[in-house]
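User: I would like a close look at one part of this model. Please keep it simple and take me through it step by step.
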Amino acid sequence: MSPKKLLTLVLLVAGVTAFFAFDLGHYASLAYIKQRQGDFATYYAQRPALVSAIYFAMYVAVTGLSLPG
């Protein structure tokens, strides 16, 4: 097996192990995502200027660095 394939396999196994060891599955549930969305909506209602400024700064940074996503 080539070193690249072995490294990929080791990283994959480490990622899956960390996912279950640290119980990261609850972050992927629909209930958790909807709760965070509600928290964000509340925060935006309280501080719309700050949220807009942070969004703008992140947009400029990502666009300036040409990062995908």
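How many residues does helix H1 have, and how far does helix H1 reach from its first C-alpha to its last? Please also tell me about the aromatic pairs.

Analyst: This is a predicted model. Start with helix H1, which covers residues 3-21. Helix H1 has 19 residues. From its first C-alpha to its last, helix H1 reaches 26 Å. That is close to the 27 Å expected at 1.5 Å a residue. After H1 comes Asp23, and the phi of Asp23 is positive, near 50°.

Now the rings. A pair of aromatic rings is described by the distance of the centres and the angle of the planes. The count here comes to three aromatic pairs. One of them joins Phe19 and Phe20. Their centres lie 5.2 Å apart, and 85° separates the planes. Planes over 60 degrees apart count as edge-to-face, so the Phe19 and Phe20 pair is edge-to-face. Phe19 is partly exposed, at 34% relative accessibility. Phe20 is exposed, because its relative accessible area is 62% and the cut-off for exposed is over 50%.

Another pair is Tyr55 and Tyr59. Their ring centres are 6.5 Å apart and their planes are at 25°, so this pair is stacked. Both tyrosines lie in helix H3, residues 48-65. Tyr55 and Tyr59 are four residues apart, about one turn of the helix. An α-helix has 3.6 residues a turn, so residues three or four places apart point the same way. Tyr55 is exposed, with a relative accessible area of 59%. Tyr59 has 48%, so Tyr59 counts as partly exposed.

Notes:
Residues are numbered from 1 along each chain as its sequence is written. This is a predicted model: local features need pLDDT of at least 70, side-chain atom pairs count only at pLDDT 80 or more; totals for chains, interfaces and linings use all residues. Side-chain values use heavy atoms; hydrogens and water are left out. Rings of Phe, Tyr and Trp (its six-membered ring) pair if their centres lie within 6.5 Å; planes under 30 degrees apart count as stacked, over 60 as edge-to-face and the rest as tilted. Buried means under 20% relative accessible area, exposed over 50%, partly exposed in between (1.4 Å probe, protein chains only). Helices (H or I, at least four residues) and strands (E, at least two) are DSSP runs, numbered from the N terminus. The expected span of a helix is 1.5 Å times one less than its number of residues.
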